Amino acid sequence: MTQERIPRWRAVSPWAVAWLTVVWVALWGQLSALVVVGGVLVGVLVCLVFPLPPLRIGLRVRPHLLLWLLLRFLADVVVASVQVSWLTLQLRRRPRNAVIEVDLRTTSDLVLTVVAEMVSLVPGSLVVEARRSTHSLFLHVLDARDQRGVDRMRSQVLALEQRVIRALGMEGRQEQAGPEVPA
């Protein structure tokens with residue numbers, strides 16, 4: 001069984017060349033025809049020498065749901081900022097932190113990445129590990145007092161995953177949310 005080789009020139013992506021040209025111009029610190037042409041040539045050369053495999057992302061962006069995702073994310077950031085600020089002002093109270101595992105319901109690497117980034121940007125939570133093999137996130141959560149707090153954070157992450165999937169129309173395995181069965 002032989003694999004058909006893809007021609008090298010097909011590895012030259014216009015978006016990659018454009019991005020590399022922007023980076024080239026930024027590195028030179030000036031905008032001139034010579035710098036732009038040089039950036040395009042360097043971008044093409046980089047794409048030819050270091051070809052990337054084609055990505056099959058399967059996006060179907062839904063603008064109104066993407067707007068809802070962003071608005072809800074901003075609201076989460078504001079609310080979490082206030083909560084973390086209030087927690088730091090309570091001098092006598094010691095927060096109980098936890099590291100929790102959240103198994104995502106989709107197999108999409110892009111969803112895993114987007115959810116991990118969005119969770120890390122919300123104050124009070126930080127992704128300490130993301131496992132691609134199991135599509136799991138391990139989060140350090142500030143002030144998770146009891147199991148109810150852990151479950152609340154887990155459900156918030158899963159709800160964020162659902163909003164990302166709906167907004168970006170991701171393909172991939174998705175399981176229905178059901179009761180967790182202890183192992």
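Predicted model: local features only at pLDDT ≥ 70, side-chain atom pairs only at ≥ 80, totals over all residues.

Me: Which strands does helix α4 lie across, and at what angle does it run to β2?

Reply: Helix α4, residues 109-121, lies across β2 and β3, and its direction makes an angle of about 155 degrees with β2.

Me: How do strands of a sheet pair in general? In what order do the 3 strands stand here?

Reply: In general, backbone hydrogen bonds pair the strands of a sheet, in either a parallel or an antiparallel manner. Here the 3 strands form an open sheet with antiparallel pairing, in the order β1-β3-β2. Strands β1 (98-103) and β2 (125-131) each have a single partner strand, so they stand at the edges and one side of each lacks a neighbour in the sheet. On average, neighbouring strands of this sheet are turned by 25 degrees against each other, direction ignored.

Me: How many bridges join β2 to β3?

Reply: The antiparallel strands β2 and β3 (residues 136-141) are joined by 6 bridges. As a point of orientation, L126 stands opposite H140 in β3.

Me: Turning to the surface, is L27 buried or exposed?

Reply: L27, which lies in helix α1 (residues 14-28), counts as exposed because its relative accessibility is 68%, and the cut-off for exposed is over 50%.

Me: Which residues form a nonpolar patch with L27?

Reply: The patch on the surface consists of W19, V22, V23, L27 and W28, which together have about 590 Å² of accessible area.

Conventions:
Residues numbered from 1 in each chain as written. Heavy atoms only, no water. Pairing = 2+ DSSP bridges. Helix = DSSP H or I, 4+ residues; strand = E, 2+ residues; numbered from the N terminus. Axes fitted to C-alpha atoms, helices over the stretch in contact; angles between N-to-C directions. Contact = heavy atoms within 4.5 Å. Patch = residues over 30% accessible without salt bridge, like charges linked within 9 Å, V, L, I, M, F, W, Y side chains within 5 Å. Areas by Shrake-Rupley, 256 points an atom, 1.4 Å probe, with all protein chains shown as cover. Salt bridge = Lys/Arg side-chain N within 4 Å of Asp/Glu carboxyl O. Buried < 20%, exposed > 50% of the residue type's maximum accessible area, 1.4 Å probe, protein only.
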